[in-house]
Amino acid sequence: MDDGEGCSPAPYFPPTHTPRSWLARTDPRDVARVESRTVLVTERERDAVPLGAPGAPRQLGNWMSPAALEQAVQERFPGCMEGRTLYVIPFSMGPVGSPLAKAGVQLTDSAYVAASMRIMTRVGAPVLRALARDDGDFVRCLHSVGRPLPLTEPLVSQWPCNPEKTLVAHVPDRREIISFGSGYGGNSLLGKKCFALRIASRLARDEGWLAEHMLVGAPASGRGGVRGALGKPWSPGKTLGGGVTRPRCHPVAVSPGAGVTRRRCVASLSFSGLASPGAPVRHPVAVSPGGGVTRRRCMASPSSPGSASPGAPVRHPAAASPGCGVTRWGCHPVALPGVTFTSWLGKPWNPSDAEPCAHPNSRFCAPARNCPIMDPAWEDPQGVPIDAIIFGGRRPHGVPLVYEAFNWRHGVFVGSAMRSEATAAAEHTFSRDPLANVFIGGSS
């Protein structure tokens, strides 16, 4: 992948034995969302976050005034893209032309962002034609890694970022997202968390629908049958669950209730996004925790979205010597005769080392069309009906693995009270947040 910025060596290189895929090793300071530097911009603080005691930390996001945002932008953006390639990305969250779809245009100086947005969303001239044909409304997204050329100091792992000045700002009233200093997906792929949850939460309030952190799938009967919305926070198995073949997949509970059986969604194997209308993520981005094989076996599972991996950018996994490809995106490699490993930090590694070979927050971005069990209606512009909602989380101790609610009201209570371990993508360790919506709580 030519990054077009004149950096040598480029931060992306093709792993051997994995055609049309690219691997990126990132700066260790830029490997997760920065919730502490993620803000909602409104005239009044109470419109963004609940007011607490003076000086107390906010539990539902961070507020910034329009004046403070303007000052922060002027301190960061002038000249920030000098010498780099500017990518203009018109994208659609949902099938182009669908009445459920939402459009955006992102400006970025990151080749990684351009490649990943091309996989995750529908991009290009069809989106522009749809905007011209319809009302022309779109979300404005501005992103920069914050490292103009020529560089004043060397990059770490050839990964451009500016973690000291990272800021991710959302302006719901103007439908704008402004991100600076980070190349990490949740901070830079602005169609993902920023648009699909934060700005979408405000759109949903104004238009009468709901933005949630869910996967839409048909685990029970597949083609044309029952479809469920899988409501879970980060990394409890949404993407992996979407890749399980039907003979091994059984519904936890099907509880059709008032207002649920007719909810319509655009079917999508979606790591995060709108529950209704319009599942925005065309192709999933998923976490590949390192240090063990108990979680996402992305290369090992024949039905995983990443199993047919051509066209998949991968960020900070481990790599093996020629002929062995990339080591299961974060799983602990097994020693093989004549095989050497390189860690995500670019250093030689062997299985006896104390440090994991891959970062716990390693990611892949793979085309969903490579998944052999994709629902045939996943691109239906009219969406699909949702028959059930299944809640879950990451709880290795303290609660049963699977249990069924007594009735609909009890199910609502259980779903609203679920807790989950946080992931390597978060800045906290435990979350009382069943749908991972706390960090967007003030958006609506």
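Reply: Strands β9 and β10 form a hairpin with four residues between them, and Arg 175 in the turn has a positive phi of about 55°. Strands here are DSSP runs of E with at least two residues, helices are runs of H or I with at least four, and both are numbered from the N terminus. The model is predicted, so local features need pLDDT of at least 70 and side-chain atom pairs count only at pLDDT 80 or more, whereas totals for chains, interfaces and linings use all residues. Residues are numbered from 1 along each chain as its sequence is written, and side-chain values use heavy atoms, with hydrogens and water left out.

Five of the five residues of β9 (residues 167-171) are buried, so the strand is largely enclosed by the rest of the structure. Buried means under 20% relative accessible area, exposed means over 50%, and partly exposed lies in between, with a 1.4 Å probe and protein chains only. In a regular strand the side chains alternate between the two faces of the sheet. In β9, Leu 167, Ala 169 and Val 171 point one way, Val 168 and His 170 point the other way, and all are buried.

The aromatic contacts continue the picture. Rings of Phe, Tyr and Trp (its six-membered ring) pair if their centres lie within 6.5 Å; planes under 30 degrees apart count as stacked, over 60 as edge-to-face and the rest as tilted. By this rule there are four aromatic pairs. One of them joins Phe 77 and Phe 180 edge-to-face, at 5.2 Å centre to centre and 65° between the planes. This pair links distant parts of the chain, 103 residues apart: Phe 77 is in the loop between α1 (66-76) and β5 (87-93), and Phe 180 is in strand β10. Both Phe 77 and Phe 180 are buried. Tyr 112 and Trp 159 are also paired edge-to-face, because their ring centres are 5.4 Å apart and their planes lie at 70°. Tyr 112 belongs to helix α2 (residues 111-120), and Trp 159, 47 residues apart from it, to the loop between β8 (139-144) and β9. Trp 159 is buried, with a relative accessible area of 2%.

Note on methods. Two strands pair if DSSP finds at least two bridges between them.
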